[in-house]
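Here's a quick tour of a protein chain for you to follow along with. Keep the picture open and look up each spot as it comes up.

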Amino acid sequence: MVRLIMSESGEGKTKQLLDLMNTAADTESGCMVCIEPKRNMSFNLRHQIRLVDASEFSIGSFEALRGFVSGLYAGNYDISHVFIDNLCKIAQNTSEQEIGEFLTWLDHFTSPLNIKATITISASADSATDVMRKYM
């Protein structure tokens, strides 16, 4: 299951994501991973959530991010939730088509494994494509 949180910069997406992660730490039994562009959530996050600084891995594309997420799961089959903060910044790409393709891939990857995925994008929700709206 993929959930997309989309709004303009400064409208509280990261705060909402932090709240969702801390709630998940209380209610979910599996491992949770948060991929963020730079490490800036570490003081606000419960210790049960594995924080990954994407800048340390030079991800830089949606293809690399797909490989990264797949590798995380290959290394830990207990992952129950993946959080991705600021998707376009991590992938260094704002192509609406490629965002849609990534979200569709992520949904197909996570659904049979019963992994939840929550992603934020800094853009107006009015600009969301039909594919993006499917996950909002």
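In this predicted model, Asn22 touches Asn44, Leu45 and Arg46, leaving out residues up to four places away in sequence. You'll find Asn22 in helix 1, which covers residues 13-27. Is Asn22 buried or exposed? Its relative accessibility is 17%, and buried means under 20%, so Asn22 counts as buried.

**Lys13, also in helix 1**

- Stay in helix 1 and look for Lys13.
- Lys13 is buried too, with a relative accessible area of 6%.
- Which residues does Lys13 contact, apart from its neighbours within four places in sequence? They are Ile5, Met6, Ser7, Glu8, Thr120, Ile121 and Ser122.
- Take Thr120 from that list: Lys13 and Thr120 sit 107 residues apart in sequence, yet their C-alpha atoms are 6.6 Å apart in space.
- The Lys13 side chain has a polar atom 3.1 Å from the backbone oxygen of Ser7.
- The side chains of Lys13 and Ser122 make a polar contact at 3.3 Å.

**The whole chain**

- Count up the pieces and you get 5 helices and 5 strands.
- Going along the sequence, they come in the order β-α-β-β-α-β-α-α-β-α.
- The radius of gyration is 14 Å, close to the 14 Å that the globule rule gives for 136 residues, so the chain is as compact as a globular protein of that length.
- Along its principal axes, the C-alpha trace spans about 35 × 30 × 30 Å.
- Buried residues account for 46% of the 136 residues.
- Take the contacts between residues at least 6 apart in sequence: 70% of them join residues at least 24 apart.
- The accessible surface is about 7,100 Å², and carbon and sulfur atoms own 47% of that.

**The nonpolar cores**

- How many residues are in the largest nonpolar core? It has 32, and the ones with the most contacts inside it are Ile35, Ile84, Leu87 and Ile119.
- The elements giving two or more residues to this core include strand 1 (2-7), strand 2 (31-36), strand 4 (79-84) and strand 5 (116-122).
- Helices contribute as well, with helix 2 (62-75), helix 3 (87-91), helix 4 (96-110) and helix 5 (130-135) each giving two or more residues.
- Another core, of 11 residues, lies apart from the largest one, and among its members are Ala25, Met32, Ile49 and Phe83.

**Ile35 and Leu65**

- Skipping neighbours within four places in sequence, Ile35 is in contact with residues including Val52, Ala54, Leu65, Phe68, Val69 and Ile84.
- Leu65 is part of helix 2.
- At 0% relative accessibility, Leu65 counts as buried.
- Not counting residues up to four places away in sequence, Leu65 touches Ile35, Ile59, Leu87, Ile90 and Phe102.
- Leu65 and Thr118 are 53 residues apart along the chain, and 14 Å separates their C-alpha atoms.

**Helix 4**

- Helix 4 has 15 residues and reaches 21 Å from its first C-alpha to its last, close to the 21 Å expected at 1.5 Å a residue.
- Which residues of helix 4 are buried? They are Ile99, Gly100, Phe102, Leu103, Leu106, Asp107, Phe109 and Thr110.
- An α-helix has 3.6 residues a turn, so residues three or four places apart point the same way.
- Among the elements covering the buried residues of helix 4 are strand 1, strand 4, strand 5, helix 2, helix 3 and helix 5.

Terms used:
Residues are numbered from 1 along each chain as its sequence is written. This is a predicted model: local features need pLDDT of at least 70, side-chain atom pairs count only at pLDDT 80 or more; totals for chains, interfaces and linings use all residues. Side-chain values use heavy atoms; hydrogens and water are left out. A nonpolar core is a set of buried Ala, Val, Leu, Ile, Met, Phe, Trp, Tyr and Cys residues joined through side-chain atoms within 4.5 Å. Buried means under 20% relative accessible area, exposed over 50%, partly exposed in between (1.4 Å probe, protein chains only). Helices (H or I, at least four residues) and strands (E, at least two) are DSSP runs, numbered from the N terminus. Contact means heavy atoms within 4.5 Å. The expected span of a helix is 1.5 Å times one less than its number of residues. The radius of gyration is taken over C-alpha atoms; the globule rule is 2.2 Å times the number of residues to the power 0.38. Accessible areas come from the Shrake-Rupley method with a 1.4 Å probe; for residues, only the protein chains shown count as cover. A polar contact is a pair of N or O atoms within 3.5 Å; within protein, one must be able to donate a hydrogen and the other to accept it, and residues adjacent in sequence count only if both atoms are side-chain atoms.
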